[in-house]
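User: Hello! I am new to this structure and would like to learn how to read its features. Could you walk me through a few?

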Amino acid sequence: MRKNIALLLFDNVEVLDFAGPFEVFSVADSLHDHTAFNVCTVALNRGTVRAVNGLKVLADYTLEDCPAPDVLLIPGGNGTRPLLNQPALLEWLRIKSRTAEIVASICTGSLLLAKAGLLDGLHATTHHQSIDLLRQLAPAAIVDPSQRFHDNGKFCTAAGISAGIDLSLHLVARLLGPEAADATASHMEYERRS
């Protein structure tokens, strides 16, 4: 059965934060004859999402009608800051994280997981320019910027922007095996980093 991979979109989301993981999981699915992953995007509301630098994207679903995610990916970007003050979104993250197999942040998406109280006691990272803010929002987390990403089992966090590709390849290896991750990286002509 295909796993639902849901990527959260919001205004001022960093493009590579969501496009990199979207590509990884989509390529892995394609290499498995479209039997592995159902990759979709979800936004707070219907309509166009304007990413950083003006890229316009139309999400597949809203928070209300998104299929239950097996893997929930939270990208970053400047748009995370206003979301820190949206209790409905933070509660949605808490609720979806109860049933998701994996909840992963890329870049400053970790700030949302921190504000939702989901990183307590876990190793975490974020974009290097937001490490102090992550420490403020998650004082009970073990904030460690020395790693490109941290895998705590259910909850994973990646450092800035392109690190989301590495975390996504790591998750493909977890879910489908290392050969699948290697084949995906090869198809993308991407050299994996850990």
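Analyst: Gladly! Let us begin with contacts: two residues are in contact when they have heavy atoms within 4.5 Å of each other. Please keep in mind that this is a predicted model.

User: Which residues is Asn4 in contact with, leaving aside its neighbours within four places in sequence?

Analyst: Asn4 sits in strand β1, residues 3-9. With those neighbours set aside, its contacts are Asn38, Pro67, Ala68, Pro69, Asp70 and Val71.

User: Does Asn4 count as buried or exposed?

Analyst: The cut-off for buried is under 20% relative accessible area. Asn4 has 17% relative accessibility, so it counts as buried.

User: How do I read a pair of helices?

Analyst: Packed helices are described by two things, the angle between their axes and the distance between the axes. Here, helix α1 (residues 15-31) and helix α6 (residues 163-176) have axes that come within 8 Å and cross at roughly 30 degrees. The two helices are therefore roughly parallel to each other, and their crossing is right-handed. On the α1 side, the contact includes Leu16, Val24 and Phe25, while α6 brings residues including Ile165, Leu169 and Val172. By class, this contact has 11 nonpolar, three polar and no charged residues.

User: What about aromatic pairs?

Analyst: Planes over 60 degrees apart count as edge-to-face. The structure holds one aromatic pair. The ring centres of Phe25 and Phe37 are 5.2 Å apart and their planes lie at 85 degrees, so this pair is edge-to-face. It links distant parts of the chain, with Phe25 in helix α1 and Phe37 in strand β2 (residues 37-43), 12 residues apart. Both Phe25 and Phe37 are buried.

Note on methods. Residues numbered from 1 in each chain as written. Predicted model: local features only at pLDDT ≥ 70, side-chain atom pairs only at ≥ 80, totals over all residues. Heavy atoms only, no water. Axes fitted to C-alpha atoms, helices over the stretch in contact; angles between N-to-C directions. Helix = DSSP H or I, 4+ residues; strand = E, 2+ residues; numbered from the N terminus. Parallel < 35°, antiparallel > 145°, perpendicular 65-115°, else oblique. Left-handed = near helix turned anticlockwise from the far one by under 90°. Nonpolar A, V, L, I, M, F, W, Y, C, P; charged D, E, K, R; others polar. Phe/Tyr/Trp six-rings, centres within 6.5 Å; stacked < 30°, edge-to-face > 60°. Buried < 20%, exposed > 50% of the residue type's maximum accessible area, 1.4 Å probe, protein only.
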